[in-house]
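Please open the model in your viewer and keep a selection panel at hand. The tour below goes from stop to stop, saying at each one what to select and what is found there.

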Amino acid sequence: MLILYFNVQLNKTIVKCLHITLHRSESDSTEEPVVGNVNKFAVVPPGYNGRPKKGHMIFDACFECGNLGRVDYITEYEYDLFIRPDTCNPRFRVWFNFTVENVKADQRAIFNIVNFSKTKSLYREGMSPLVKSTSRPKWVRIPAKHVYYYRCPDHRKNYVMSFSFCFDKEDDIYQFAYCYPYSYTRLQNYLDNLEKKNMDFFSRELLCLTVQQRRLDMITITNPDNLDPEETKRVVYLTARVHPGETPASYVCQGVIDFLISNHPIAKVLREHIVFKIVPMLNPDGVYLGNYRCSLMGFDLNRHWLEPSPWAHPTLYATKNNLMELDRSDKCVLDFYIDLHAHSTLMNGFMYGNTYEDMERYERQSVFPKLLCANAEDFSLNNTNFNRDAVKAGTGRRTLGGCLDDNSHCYTLEVSFFSYQTSSSSTAMPYTEEGYMKLGRNLARTFLDYYKMTGLISAKPSSSIVPKPGRYNIRDRERANTDPPSDFDERPRNNRLDYHINNTSSYGDTSIRLQFRDRERRY
């Protein structure tokens, strides 16, 4: 018998915590429900009694954005891991984020994530999990040669992602994640810090509270003169994180914000002419709970834009009302609505747009993706697609494309969870946090090209102005006339900071390699 303690993070008005004791056997090990996150769960060999010894791994996902529902001991070297499904919706199991501690130095293990809800995956293209530890807080990717994605006969021939790892420091706590986490708390701290700067062109307002009483923030970036109620204003509206597990969207969104509040000459010109309204996190509850696609109540919010409920989908309800109010105003021209997402099967950044019977409108909306492609080397026109698929009905792009003014452009901007290829290289470059933010900066710059083309903004400055390369940080923004970088630093890191897994000799152990041979692999 294994006792697993699950912490169920549900509405705090309903229940605080649930502890479940599960009985398992080899015959029913895949049938047990995965209800909540493991909470400091020590995995010990069958028949062992007493306190966990050093080397008996302790798994935990009871923290913000955490997700790991169950751990099964297979052998001393191998563990099956189960993703916790989204709250109130068992269909979605993709995002994972958990910690491992109480390890021995140079302890080796194979982790098998056995219950993904998707079969298509970028793991087929070389994607690998991210890892960091307390002494090395920067996320790095586990080398692809230690990651396997295959159909497994032990789990109904479902796809399994296995990765091998060597824990090199026994006092460290190691954290593994599907992609770079970006939490609700991180966003709140970021917005709090921007508010403290008292920039006259930046404002923050509360659109509503979520079911669990978290903030739905909307920020406005523009010259204060543009907010004169008697003046006609041009508006660009951006949203992100309607799907909580699509964390790259938050980095792209922060890249947009960082650029627009900077002292770059393009940012200054854009603030003079355009009102930018940004809702950085449409699904705060889902983000906090560690869901991949759904809200607290199990709704895929990006299928409920047609008729959002004020009690079941309060964030959509408030955001759509705000958009429709802007659209109805005689003093507002809503030029763009762009919803930021991440994609789990395709490379690069790209856009989805709508198809229209009006050919002139259809051709007009194809312009912006072409301009973005000219500014962003990681943007793909080949992956960009205009459609009206029935499966996309109820999305923000489809719904608002049908109810906003005909002159409004509605897009979904997608960016890969993993990597991009440029036209000049056949090698895929993995995205970093900085790489995602760079796409956001390039998205912001592209609005200058668009409004120059329409004649709203004069020919100068040019979006081709390339700032000096270098890493962009808060202090840079505080210096006058300091530009956010257009390129990011991808120089090799000092090998002393690497995990032992980067050494080919780390996994020469025959007992571990043999276990992979027993599995039917496809990768």
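How many nonpolar, polar and charged residues does the lining of the second largest cavity have? By class, that lining has five nonpolar, two polar and two charged residues, where Ala, Val, Leu, Ile, Met, Phe, Trp, Tyr, Cys and Pro count as nonpolar, Asp, Glu, Lys and Arg as charged, and the others, Gly among them, as polar.

Before going further, note that this is a predicted model, in which local features need pLDDT of at least 70 and side-chain atom pairs count only at pLDDT 80 or more, while totals for chains, interfaces and linings use all residues. Residues are numbered from 1 along each chain as its sequence is written, and side-chain values use heavy atoms, with hydrogens and water left out.

**The whole protein**

Start with a cartoon view, in which the secondary structure comes to 11 helices and 23 strands; helices (H or I, at least four residues) and strands (E, at least two) are DSSP runs, numbered from the N terminus. Of the 523 residues in the protein, 58% are buried, where buried means under 20% relative accessible area, exposed over 50% and partly exposed in between, with a 1.4 Å probe and protein chains only. Among contacts between residues at least 6 apart in sequence, 73% join residues at least 24 apart, a contact being heavy atoms within 4.5 Å.

**The cavities**

To return to the cavity of the opening question, select Val-94, Phe-116, Lys-118, Lys-120, Ser-121, Tyr-123, Tyr-149, Tyr-178 and Ser-344, which line the second largest cavity, a space with a volume of about 60 Å³. On a 1 Å grid over the protein atoms alone, a cavity is a set of points where a 1.4 Å probe fits but cannot get out, and lining residues have an atom within 4 Å of a point. Grid points are joined across faces, edges and corners, and a volume is the space filled by probe spheres set on the points.

Next select residues 184-196 and 248-260, which are helix 1 and helix 2, packed at an angle of about 5° with their axes 13 Å apart. The axes are lines fitted to C-alpha atoms, for helices over the stretch in contact, and angles run from 0 to 180 degrees between N-to-C directions. Helix 1 and helix 2 are therefore roughly parallel to each other, as angles under 35 degrees count as roughly parallel. Show the side chains of Arg-186, Tyr-190 and Leu-194 in helix 1, which meet Tyr-251, Gln-254, Ile-257 and Asp-258 in helix 2; the residues of this contact divide into four nonpolar, one polar and two charged.

Helix 3 (residues 265-273) has as its buried residues Ile-266, Ala-267, Val-269, Leu-270 and Arg-271, and these pack against strand 15 (215-221), helix 2, strand 17 (274-279) and helix 9 (433-454).

**Leu-238**

Then centre on Leu-238 in strand 16 (residues 233-240), which counts as buried because its relative accessibility is 1%. Leaving aside neighbours within four places in sequence, Leu-238 is in contact with Val-256, Lys-277, Ile-278, Val-279, Ile-338, Leu-443 and Phe-447. A C-alpha to C-alpha distance drawn from Leu-238 to Asp-339 gives 5.8 Å, although the two are 101 residues apart in sequence.

**Two loops**

Finish at Asn-102, in the loop between strand 7 (97-101) and strand 8 (107-113). Most residues other than glycine have a negative phi, but Asn-102 has a positive phi of about 65° and is buried, with a relative accessible area of 16%. Asn-102 is also one of the residues touched by His-56, which lies in the loop between strand 3 (41-42) and strand 4 (58-60) and is buried at 13% relative accessible area.

Definitions and conventions
1 Å grid on protein atoms, 1.4 Å probe; cavity = no way out; pocket = protein on both sides within 12 Å on 5 of 7 lines; lining within 4 Å. Parallel < 35°, antiparallel > 145°, perpendicular 65-115°, else oblique.
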